[in-house]
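Please load the model in your viewer and keep the sequence panel open beside it.

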Amino acid sequence: MKINFENKDYTLTVGADGNTKDADAIIEQLNQQLGDQGLGNKLKVAKDGNTFTLKNIDTENPTAAVTIKSGSEN
């Protein structure tokens with residue numbers, strides 16, 4: 001999926017290895033990718049009930065919007 005944060009696009013890939021099916025592993029994988037792209041202290045993926053939530057945790061810019069530009073629930 002592609003996300004936009006602070007006017008820049010980022011790409012996150014879930015299950016590229018074909019074996020990632022566990023929710024905790026998916027969250028770990030997405031958060032690792034956010035960290036690899038320099039966003040580990042700005043964005044975080046968390047489990048919220050049966051869904052994943054992408055949250056802005058940036059203390060310097062807490063009102064910056066994060067949007068999903070493309071991707072699907074699949």
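**A stop in the helix**

Begin by selecting glutamine 33, which touches Thr11, Leu12 and Thr13 when residues up to four places away in sequence are not counted; a contact here means heavy atoms within 4.5 Å. Glutamine 33 has its place in helix α1, residues 23–36, where helices (H or I, at least four residues) and strands (E, at least two) are DSSP runs numbered from the N terminus. Because its relative accessibility is 16%, glutamine 33 counts as buried, the classes being buried under 20% relative accessible area, exposed over 50% and partly exposed in between, with a 1.4 Å probe and protein chains only.

Before going on, note that this is a predicted model, in which local features need pLDDT of at least 70 and side-chain atom pairs count only at pLDDT 80 or more, while totals for chains, interfaces and linings use all residues. Residues are numbered from 1 along each chain as its sequence is written, and side-chain values use heavy atoms, with hydrogens and water left out.

**The other end of the helix range**

Now select alanine 23, also found in helix α1, and display its contacts with Lys47 and Phe52, again not counting residues up to four places away in sequence. Alanine 23 counts as partly exposed because its relative accessibility is 23%.

As background, most residues other than glycine have a negative phi. Glutamate 6, however, has a positive phi near 50°, and asparagine 7, although not a glycine, has a positive phi of about 65°. On a surface view, glutamate 6 counts as partly exposed because its relative accessibility is 32%, whereas asparagine 7, at 76% relative accessibility, counts as exposed.

Move on to strand β3 (residues 43–48) and strand β4 (residues 51–56), which run antiparallel and are joined by six bridges; two strands are taken to pair if DSSP finds at least two bridges between them. Within this pair, lysine 44 has lysine 55 in β4 as its bridge partner, and aspartate 48 stands opposite threonine 51 in β4. The two strands form a hairpin with two residues between them, and glycine 49 in the turn has a positive phi of about 70°.

**The whole chain**

Finally, select everything and colour by secondary structure, which comes to one helix and five strands, running β-β-α-β-β-β from the N terminus on. The radius of gyration is 12 Å, close to the 11 Å that the globule rule gives for 74 residues, so the protein is as compact as a globular protein of that length; this radius is taken over C-alpha atoms, and the rule is 2.2 Å times the number of residues to the power 0.38. Along its principal axes the C-alpha trace spans about 35 × 20 × 20 Å. Buried residues make up 24% of the 74 residues, and of the contacts with a separation of 6 or more, 41% come from residues 24 or more positions apart.
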